[in-house]
Amino acid sequence: MKKLCIAFILLFSSLSFAAGELSGPAPDFTLKSRDGKNIRLADLRGQVVMLNFWASWCGPCRQEMPILDDLAKRYGRAGFTLLGVNVEQDSSAGEKYLQDTPVKFPILWDPTSEVSKLYNIDAMPSTVMIDRDGNMRYLHRGYKPGYENDYKKQIKELIRE
């Protein structure tokens, strides 16, 4: 498993990912959160939602996590919700990472990758921006320093709509 993770990291770290526009309704799902509650995407209609798919073994995910926490704090009162979706089969590694790097936004567990498959996630991290009407608008594949500027711009745009 560790060799597979390393191969995955090497493959995706060598590719250049960028943001792209999406359209269509965001697939609904319900996942268990870190605090044991079920969170359903449809219940967040009316909010701008950022889904961030991540794994504890992903270096760019680790780099991005504190930045995402800042975004959640900054825009939360303006109608923005950030959901971190951990894609690992065993959540213990994600839980350990979160003990060392705590975040305030909800972390959801996707151990069977059902939600990741719904969103065709093929890179770590991947971020999907969803507007207040529940439509997918932007996809970010991977993370490099500076992507947070795009996130801020898109969050502001979607909040203003």
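Here are some questions and answers about this predicted model.

Me: Happy to start simply: how many helices and strands does the chain have?
Reply: From the N terminus on, the elements run α-β-β-β-β-α-β-α-β-α-β-β-α. Counted by kind, they come to five helices and eight strands.

Me: What share of the residues in the chain is buried?
Reply: A residue is called buried when its relative accessible area is under 20%. The chain has 161 residues, and the buried part of them is 46%.

Me: Among contacts between residues at least 6 apart in sequence, what percentage join residues at least 24 apart?
Reply: A contact here means heavy atoms within 4.5 Å. Of the contacts in the chain between residues at least 6 apart, the part that joins residues at least 24 apart is 70%.

Me: What should helix H5 span, and how far apart are its end C-alpha atoms?
Reply: H5 covers residues 147–160, which is 14 residues.

Me: Why do the buried residues of H5 lie on the same side?
Reply: The buried residues of H5 are Tyr147, Glu148, Tyr151, Gln154, Ile155, Leu158 and Ile159. They lie on the same side of H5 because the arc they cover around the axis is only 130°.

Me: And which exposed residues does the face of H5 turned away from the buried side carry?
Reply: Exposed means over 50% relative accessible area. On the face of H5 turned away from its buried side, the exposed residues are Lys153 and Arg160.

Me: Which residue forms a salt bridge with Arg137?
Reply: Side chains of opposite charge can pair when their charged atoms come close. For Arg137, the closest N and O atoms of the pair are 2.7 Å apart, and the partner is Glu161. The pair links distant parts of the chain, 24 residues apart: Arg137 sits in strand S8 (residues 136–141), and the segment after H5 holds Glu161.

Me: Which residues are linked with Arg137 in a network of salt bridges?
Reply: The structure holds nine salt bridges. The network that includes Arg137 also takes in Asp131, Glu157 and Glu161.

Me: How are Asp100 and Lys96 separated in helix H3?
Reply: Their side chains meet in a salt bridge, 3.6 Å from N to O, and both Asp100 and Lys96 are exposed. Being four residues apart in H3 (residues 92–100), Asp100 and Lys96 are separated by about one helical turn.

Me: In the salt bridge of Asp43 and Arg40, what is the distance from N to O?
Reply: Asp43 is exposed, with a relative accessible area of 57%, while Arg40 is partly exposed at 38%. Their side chains meet with an N to O distance of 4.0 Å.

Me: Which residue is joined to Cys58 by a disulfide?
Reply: A disulfide is a covalent bond between the sulfur atoms of two cysteines. The count for this structure is one disulfide. Its S to S distance is 2.4 Å, and the partner of Cys58 is Cys61.

Me: Are Cys58 and Cys61 buried or exposed?
Reply: The link of Cys58 and Cys61 is right-handed, with 80° about the S-S bond. Relative accessibility is 3% for Cys58 and 2% for Cys61. With buried meaning under 20%, both Cys58 and Cys61 count as buried.

Notes. Residues are numbered from 1 along each chain as its sequence is written. Side-chain values use heavy atoms; hydrogens and water are left out. Helices (H or I, at least four residues) and strands (E, at least two) are DSSP runs, numbered from the N terminus. The expected span of a helix is 1.5 Å times one less than its number of residues. Buried means under 20% relative accessible area, exposed over 50%, partly exposed in between (1.4 Å probe, protein chains only). The arc is that of the directions from the helix axis to the C-beta atoms. A disulfide is a pair of cysteine sulfur atoms within 2.5 Å.
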